[in-house]
Amino acid sequence: MQTRPLRITAYTLCSAAGDGRAATLAALRERRTGLTRNDFGASPISTWIGRVAGLETQPLPAEFANWDCRNNRLAWRGLTTDRFIDAARAARDRYGAHRVAVVMGTSTSSIGASEEAYARLDPDGRYPADLRRPIIHTPHSLGDFVQYALGLTGLSVTVATACSSSAKVFAQAERLIRTGLADAAVVGGVDSLCGSVLFGFNSLELVSPEPCRPFDVERRGINLGEAAGFALLEKQAPRGEWLLGYGESNDAHHMSTPHPEGVGARLALSDALARAGLQPADIDYINLHGTASQKNDEVEAKLVADLFPATTCASSTKGWTGHTLGAAGIVEAAISLIALEHQLLPGTLNLRVPDLACGPQIQRDNVQREASHALSFSFGFGGSNCVLVFGRDR
């Protein structure tokens with residue numbers, strides 16, 4: 001069951017906490033949130049959001065005009081941060097454009113453009129002329145744009161499994177490379193704010209009117225955010241960070257509530273550790289899904305308390321970025337990699353009084369200590385679960 005480790009030769013992220021690894025690290029160190037009061041849309045609901053500034057005024061370069069929309073603008077911001085686009089194009093030159101796969105995770109893709117089109121229908125009931133671009137109204141808009149922008153011609157896959165989407169891209173890429181269908185893979189995820197997301201989660205009574213407080217006894221729900229993140233996976237490269245394993249499951253318990261015993265999450269965790277050849281005691285840090293919803297945090301806290309030693313550090317970083325939905329997996333994978341690279345294990349912003357289900361693993365404050373192995377948990381709607389295992393050479 002063990003997988004062959006894949007080297008992560010480049011990675012980046014853009015969120016409300018900042019553009020790029022250095023800005024994100026600074027926000028983590030300073031415990032500076034990216035959340036702000038909701039000002040998105042014509043009738044903002046009362047909540048806080050993780051908004052990436054400047055997307056409205058920064059259209060895509062003219063050569064990509066056919067893909068221009070908020071989600072793809074955010075994707076471009078991510079591609080051009082930390083020189084990720086240069087690393088991806090260098091991989092293209094090494095392996096050939098047809099041998100580098102693109103695996104993108106997204107929950108809403110560019111649905112914001114479709115919302116705008118319906119709000120501006122012409123007198124004949126058709127989309128306005130500037131939005132009659134079919135590619136921005138499909139779930140594959142993101143993958144199509146990223147593949148074109150990087151000059152790649154190989155396999156291109158879109159993963160849409162709610163909040164686990166851009167965690168599962170790592171698993172998909174590992175299988176493509178292991179079976180010889182690709183020599184390298186650009187993986188990532190992008191989701192941007194839109195009315196469907198904000199009002200949809202509000203209708204489920206899951207949105208908090210205050211900054212989210214993961215694992216706090218008085219937590220009131222989630223804060224939604226937007227983000228982009230990418231990673232480049234290769235079989236062989238110099239020392240650094242590695243994808244060591246993954247586990248996937250679907251507990252199919254309820255559309256918006258996890259299984260009360262965390263059955264699917266436990267299965268994904270067990271498989272991830274088995275593929276990596278590790279035990280719970282080998283894990284130094286866990287980036288938890290930690291949405292600050294009542295049930296998610298309760299089930300996840302119990303899982304960690306039951307299975308990991310007290311010396312393991314665990315936290316939710318949603319207080320920095322908000323819940324970025326289909327981009328959550330890649331953003332939190334990148335934060336896990338930052339934690340390993342800089343030996344800084346983030347705490348949990350806004351956690352005051354831990355829920356009774358929490359064990360000593362869940363940290364309020366940042367911890368600076370040696371760390372070699374990290375897990376990233378992504379547990380999405382519909383019971384779609386993914387756990388990733390990352391490691392760093394000593």
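# Close-up views of a predicted model

**View 1. Ala 17 in its loop.** At a relative accessibility of 8%, Ala 17 counts as buried, because buried means under 20% relative accessible area, exposed over 50% and partly exposed in between, with a 1.4 Å probe and protein chains only. Ala 17 sits in the loop between β1 and β2 (18–19); helices (H or I, at least four residues) and strands (E, at least two) are DSSP runs, numbered from the N terminus. Apart from neighbours within four places in sequence, Ala 17 is in contact with Ala 23, Ala 27, Arg 32, Gly 34, Trp 320 and Thr 321, where contact means heavy atoms within 4.5 Å. The C-alpha atoms of Ala 17 and Thr 138 are separated by 28 Å, and these residues are 121 apart along the chain.

This is a predicted model in which local features need pLDDT of at least 70 and side-chain atom pairs count only at pLDDT 80 or more, while totals for chains, interfaces and linings use all residues. Residues are numbered from 1 along each chain as its sequence is written, and side-chain values use heavy atoms, with hydrogens and water left out.

View 2. Helix α3 covers residues 84–95, and its 12 residues should span 16 Å at 1.5 Å a residue; the expected span is 1.5 Å times one less than the number of residues. The end C-alpha atoms of α3 are 17 Å apart, which agrees. Which residues of α3 are buried? They are Phe 84, Ile 85, Ala 88 and Ala 91. Seen down the axis of α3, these buried residues fall within an arc of 120°, so they line one face of the helix; the arc is that of the directions from the helix axis to the C-beta atoms. An α-helix has 3.6 residues a turn, so residues three or four places apart point the same way. The buried residues of α3 pack against several elements, among them β1 (6–15), α2 (70–79) and α5 (141–150). Just after α3, Gly 96 takes a positive phi of about 105°.

**View 3. The crossing of α2 and α5.** The axes of α2 and α5 come within 10 Å and cross at roughly 40°. Axes are lines fitted to C-alpha atoms, for helices over the stretch in contact, and angles run from 0 to 180 degrees between N-to-C directions. The two helices α2 and α5 are therefore oblique to each other: angles under 35 degrees count as roughly parallel, over 145 as roughly antiparallel, 65 to 115 as roughly perpendicular and the rest as oblique. From α2, the contact is made by Asn 71, Asn 72, Ala 75, Trp 76 and Leu 79. From α5, the contact is made by Ser 141, Leu 142, Phe 145, Val 146, Ala 149 and Leu 150.

**View 4. Helices α1 and α11.** Helix α1 (residues 21–30) packs against helix α11 (residues 328–342) at an angle of about 80°, and their axes are 11 Å apart. These two helices, α1 and α11, are therefore roughly perpendicular to each other. Arg 21, Thr 24, Leu 25, Leu 28 and Arg 29 of α1 make the contact with Ile 335, Ile 338 and His 342 of α11.

View 5. In helix α7 (residues 195–203), Val 197, Leu 198 and Phe 201 are buried. They cover an arc of only 95° around the axis, which puts them on the same side of α7. The buried residues of α7 pack against β4 (48–50) and β8. Leu 224 lies in strand β8 (residues 224–225) and counts as buried at 2% relative accessibility. Residues touched by Leu 224, not counting those up to four places away in sequence, include Trp 48, Val 197, Leu 198 and Phe 201. Phi of Glu 205 is near 60°, a positive value in a residue other than glycine.

View 6. Ala 292 is placed in the loop between β11 and α9. With a relative accessible area of 0%, Ala 292 is buried. Ala 292 has a positive phi of about 80° although it is not a glycine. Most residues other than glycine have a negative phi. In α9, the buried residues include Asn 296, Asp 297 and Val 299.
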